[in-house]
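Welcome, and thanks for opening this briefing. Please have the model on your screen while you read, and turn to each part as it comes up.

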Amino acid sequence: MKSIGILGTAKNTGKTTTTLYLLRQIEEQGEQAGITSIGLDGEEHDFVTRLPKPRMELPCGALVLTAERCLEQNEAKVEILERTGLRTSLGELLLLRVKESGRILVAGPHRKQLLEKALNYFSRWGTDVLLVDGALNRAVPMTVLDGVILTTGAALVPDVEGIVRHTSAIIDLFQLPMEEEFTAASTQPQVVFWDGEKAVLNLRSLLSEEYLPDFVAHINKPVRAITLPVVCAPKLVEKFLKLGGAHFTRSRLIFSDPFRMLAGGNPIEWDAVIQFHRQRGGQVRCFMQKPLHCITVNPFFPRYDPQTATYKPDRLDAVKLFSALRKAAMPLPVFDLHVEKNVDLWKICQGGEINES
Amino acid sequence: MKKVLLAALDPVHDNAVKLLNRKLSELGYQTIILPPGVHENEVIERAIREQPAAILISRTLGYQVAEILGRLVDLAEAAGLREHTLLGVGGMAITRELGAELGFDATFTGELDIEEVVAFIEGKHLAENRQKIRFRHEKPDITGGYTYQFKDARIEHLLDQITDQILEWVKGKTTPAIERAKIRLAFLQEEGGNFLDSNHKRAGEFLERYLKWCGPQVQAFYREGKLPEGVRRLNAAEVAKLMARLKQMDCDSPRLPPGGGKPLVFVQYGTGCPLMDSIHIKTVEAWGADGVLHFDPSWGAQQEGLLEGWLSHQHDGTILTLENLRLIRSAMQPTTLWNVRGHRGLNTPEVQILAATAGADLLKINIPYGATAGGSDPARLTVDGVYSLRLAAQYGLPFDIPGNDELSGVPPYKTFAGMLVMVMLGLKLGAKPIPKPLLCYSPYMQIEGQMEDNYVDMNTAKLAVWREIVDAPLWPGEPVGFMTHTADRIQSAVTTAAHVALAAGLGVDAVTMASSDEAYSKGAISAAARVDTLRAVRDMLRFMGNCRFQATPRAALIQEQLRNEVIAVLEKVAQRGDFVAAIHEGLFGNQQDGLYPGRVGRDTVMIA
């Protein structure tokens, strides 16, 4: 079974549209599709802007993992295959098979542990491809999946340059090389000096300045590598590097994975840290990486109208946005699925070449 | 005990976490409370250090909610906390959908429910349509604990005289309603069900006997299938679909008086459609009502005989058929008390039978009121009423005695005199009466200027005089605050709530309230308006707690005056020696009071 996460840089960037696009292609290939979400998808209106959202209309035969309370708003005919015993705030997660196509509200496993267990359920029922729709500002559960698609667009920030900068920073995180020499010996950070000595830092996160002085106190000679398998705030990493001064020149920073990095802070801040360190001859690696298959872009954004105190749909220049992002992301493929109807997204996720339409 | 980390991810609003802190500490939890405006990084840092069993977050302000809370959840996951720490969220900015999208393990909405929070912390699952706490374990007996001893010997003696005369007078008399009631009861006892669809081999025979005592409209219904204007049959599919849906709406809500206790709160219904009624009933149950009262259309009371089947009526009042009543009863929670109105008109005895068969808990019978403002012929209703009281006694169902003739302009002492007659009559026949003095701003009060300063003195006096006369339950209705409402829903909710609170402070056993758009409804009564009033009542009772309204010394003077005037009326009735004639002659309310003896059913009393 292959699992793909659809990760959004913000709400309304097209996660559900991308998911459904891919789902249609999987179905056309005759593969058994499964779908779930780490958030809540398929609602009729955005619960912040009240603007209409794309509905999760699932084809006959698809397997869905959703919370029991979502069935109250179900329009598709479904068969309950299994009650999983996995609990969410909307009730127990049920594995369903769609018997007659229709709209479904999908609220699936909301954390990593549950998503891991959910993979087993889908696999047991013969799923070939599992699509996991993402949720706002959350990425960490997707570490258990095989790969991700990133959706971005004007809803992140209604400015082409801003979108490109932010999205490029995320792409860079997913393109950090995997570490091959050092291993995460423990769950705590470890410093390896050039003279062969090692030190384990009693630190379970780097989210607060409070621990920086103790941390820096250990850096008393040139560092060869420092493993940071904990959640870190990028600005604190930068501060730490600056406090360590020359000892960090040409050293290797090794983080756990891009998802944990994103949880720790803004990708643009991470970009600044990475560039700072590279400029001093340093390297940045990750213990774990996941394939970022492609990017989809959505020029739509909700514009707030203060006069009516409501949100109204608006759009950036789609062509300008698309070409700027495509250029910045190259060679990673970028698509606007509202315009491009024949993208072989499924082939791309399998590692195939881009189907230029 | 487990450790709980509390944080308001909000610049200023932290009342919820402070309240949680107190309540959880009282229960023995070790709580760590962070100051408002704390950053999500700080929450996670602290949680990494403390390793709590749960992190409870509140957020009130509505901007950046998703961004901040989503980030917190992802941080918690990235920090490895979610393997052993639960995440819960609540606050004004939070909905269940948002909580699910953000990935919290639980979302708390509405009023703080500490039981729900504790269950969450302990990892215990409360069922989806859970009964939080069983607030209502059984149906209360409104008459329980009352001796019905008369405390006023003079009044007791007068009532004794009057009711002896009534019982003597009705001997050997019958009416078409009584004959129909006997046939209906016999058919039901043979498990006949309804006349038209029954498989009972004698259904046709029973029906013919029944129709002999029915009026032309009812005969046309049974013989030709002719429905009255504005009435349609409900089909089985629509009934089944809605009833299945309604069953999912059961919820056990807390009672309106804080901490339970008196009074029981009833709501009247009668939209015309039993399915719509069921929705209204589910709504009021969800908002704390203890019971409901069925109101039927007035035209139904004016024709001899009752219809049958699931019938929906376009205008006010839901038609009394056994099928409609059973349908409505099936929608109710088992603990909801149910009163069916049948105190006037030509079908009173049969209504008691159908109501009891369908599962009613209370009946409604008042001869003086029904025979005047209710429009029924006094002789007819006296015979029917006494028979109905015997039925109530047989069924063991209490009956209430409405005092709504005050709304015609009758002074309260005359209304009370009539109600007292019904109390004594009921007791003599083995039934359990519940007087319902009306807390209202009646025409009499307005004309006489009796309630110019406040509504408290007169209503206090009314209830006090009853307490002075007899040890019986008291149930002001229908509804409290009558004629103090306007078309303004907020004003109506407020005045209703004030009257309920006044009555509650005076220790009444139950009250009936209407929806806040009912008194001046220019269209259908809305469920939303019902909720308005129930919420207002809840808050008012919460406001008052164990406090009471303080009447002025004038209330005591009014009370004494009422008592004396009640005695004066009863003396006249006793002296007259003829209860029916007393009604005709206006002793319980005359033309000047705006009351006329009823005419429906005139000359229909027969010798048995």
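**Chain A at a glance**

In chain A, 76% of the contacts between residues at least 6 apart in sequence join residues that are at least 24 apart. Please keep in mind that this is a predicted model. The points below begin with chain A as a whole, then turn to a sheet and a helix pair, and end with some backbone details.

**Chain A overall**

- Chain A contains 9 helices and 22 strands.
- Of the 357 residues in chain A, 60% are buried.

**A five-stranded sheet in chain B**

- Chain B has an open sheet of 5 strands with parallel pairing, and the strand order is β2-β1-β3-β4-β5.
- Which strands stand at the edges of this sheet? They are β2 (30–33) and β5 (106–108) of chain B, and because each has a single partner strand, one side of each is left without a neighbour in the sheet.
- From one strand to the next, the twist averages 20°.
- As background, strands of a sheet pair through backbone hydrogen bonds, in either a parallel or an antiparallel way.
- Strand β4 (residues 86–90) of chain B runs parallel to β5(B), and 3 bridges join the two.
- To find this pairing on screen, look for V89(B), whose bridge partner in β5(B) is T107(B).

**A helix pair in chain B**

- Helix α10 (residues 236–247) and helix α11 (residues 274–286) of chain B have axes that come within 11 Å and cross at roughly 5°.
- Angles under 35 degrees count as roughly parallel, so α10(B) is roughly parallel to α11(B).
- On the α10(B) side, the contact is made by E238(B), V239(B), L242(B), M243(B) and L246(B). On the α11(B) side, L275(B), S278(B), I279(B) and K282(B) take part.
- What kinds of residue make up the contact of α10(B) with α11(B)? There are 6 nonpolar, 1 polar and 2 charged residues.

**Backbone details worth a look**

- For orientation, most peptide bonds are trans, and most residues other than glycine have a negative phi.
- The peptide bond from K262(B) to P263(B) is cis, with omega near -5°. P263(B) is placed in the loop between α10 and β8 (264–269) of chain B.
- Another cis peptide bond joins G477(B) and E478(B), where omega is about -10°. E478(B) is found in the loop between α19 (456–469) and α20 (489–505) of chain B.
- The loop between α19 and α20 of chain B also holds M483(B). This methionine has a positive phi of about 70° although it is not a glycine. M483(B) is partly exposed, with a relative accessible area of 33%.
- In chain A, N137(A) has a phi near 60°, which is a positive value in a residue other than glycine. Where does N137(A) lie? Look in the loop between β10 (129–133) and β11 (147–153) of chain A. N137(A) is partly exposed, and its relative accessible area is 30%.

Methods
Residues are numbered from 1 along each chain as its sequence is written. Chains are lettered from A and ligands numbered from 1 in the order in which they are written. This is a predicted model: local features need pLDDT of at least 70, side-chain atom pairs count only at pLDDT 80 or more; totals for chains, interfaces and linings use all residues. Side-chain values use heavy atoms; hydrogens and water are left out. Two strands pair if DSSP finds at least two bridges between them. Helices (H or I, at least four residues) and strands (E, at least two) are DSSP runs, numbered from the N terminus. Axes are lines fitted to C-alpha atoms, for helices over the stretch in contact, and angles run from 0 to 180 degrees between N-to-C directions. Angles under 35 degrees count as roughly parallel, over 145 as roughly antiparallel, 65 to 115 as roughly perpendicular and the rest as oblique. Contact means heavy atoms within 4.5 Å. Ala, Val, Leu, Ile, Met, Phe, Trp, Tyr, Cys and Pro count as nonpolar, Asp, Glu, Lys and Arg as charged, and the others, Gly among them, as polar. Buried means under 20% relative accessible area, exposed over 50%, partly exposed in between (1.4 Å probe, protein chains only).
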